[in-house]
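Take a look at the model below and let's walk through it together. Keep the structure open as you read.

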Amino acid sequence: MTSNDPYVTAVHAWVSRVVVGLNLCPFANRELESGRVRFALSEARTEEALLHALADEMHWLDTHPETATTLLIHPQVLARFEDYNQFLDLADGLLESLDRDGVYQIASFHPDYQFGGTAPDAAENYTNRSPYPILHLLREDDLGAAIDAYPDPEGIPERNIQKLEQMGTAQLKALLDACYPQA
């Protein structure tokens, strides 16, 4: 888990250039600039190992209140979006079994993310497309406070969809591809 790691480098570039750069999440820039975002790389190769890594990250956040959020990058497991999407139920179950439901929330990002009812190449899917599969742990209290202080948080998804549709899939794919470290 070093800044020289190509997986972490790609995800950090994605957060900087896509999430913050396109203002897809208006709350991300403050946390990124203040160094309160943890980029954690999991070496998990099985779903069971990934669940353990996710539990470890919840514990890490429990003991490090100065960290606002963790991006758990797991490039060796759940490469197929269908598998990843099904795994999210297990991840939510883990939150409940560890009595962390209501403390943390999991946001999901994947290179092949596809919202239900959309075409695979729909621009709106890029709101959740990332260089590698990611489980994003957010503190619910922090998220709630940010949403309460933001004007019209309900309009964020629609504004994002409009922005991404105007950009078009080719430009979005190129922006995502540019996040990978060049050899």
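Tyr150 is partly exposed, with a relative accessible area of 25%. Phe27, at 15% relative accessibility, counts as buried. Here are the cut-offs: buried means under 20% relative accessible area, exposed means over 50%, and partly exposed is in between (1.4 Å probe, protein chains only). Keep in mind that this is a predicted model, where local features need pLDDT of at least 70, side-chain atom pairs count only at pLDDT 80 or more, and totals for chains, interfaces and linings use all residues. Residues are numbered from 1 along each chain as its sequence is written, and side-chain values use heavy atoms, leaving out hydrogens and water.

Why put those two residues together? A search of the whole structure finds 7 aromatic pairs. Phe27 and Tyr150 form an edge-to-face one, 5.4 Å centre to centre with 80° between the planes. This pair links distant parts of the chain: Phe27 is in the loop between H1 and helix H2 (28-33), while Tyr150 is in the loop between H5 and helix H6 (156-167), 123 residues apart. For the record, rings of Phe, Tyr and Trp (its six-membered ring) pair if their centres lie within 6.5 Å; planes under 30 degrees apart count as stacked, over 60 as edge-to-face and the rest as tilted. Elsewhere, Phe81, Tyr84, Tyr113 and Phe115 form one aromatic cluster.

Now for the sheet. The labels come from DSSP runs numbered from the N terminus: helices (H or I) have at least four residues and strands (E) at least two. Four strands form an open sheet in the order S1-S2-S4-S3, with mixed pairing. Strand S1 (37-41) and strand S3 (104-109) are the edges, each pairing on one side only. From one strand to the next, the twist averages 20°. Two strands pair if DSSP finds at least two bridges between them.

How do the neighbours run? S1 and strand S2 (residues 69-73) are parallel and joined by 5 bridges, with Leu41 partnered by Ile73. S2 and S4 run antiparallel, again with 5 bridges, and here Ile73 stands opposite Ile134. S3 and S4 pair in the antiparallel sense over 6 bridges; Ser108 has Leu135 in S4 as its bridge partner.

Helix H5 (residues 140-149) lies across S3 and S4, at about 75° to S4. These angles run from 0 to 180 degrees between N-to-C directions, using axes fitted to C-alpha atoms, for helices over the stretch in contact.

Conventions
Contact means heavy atoms within 4.5 Å.
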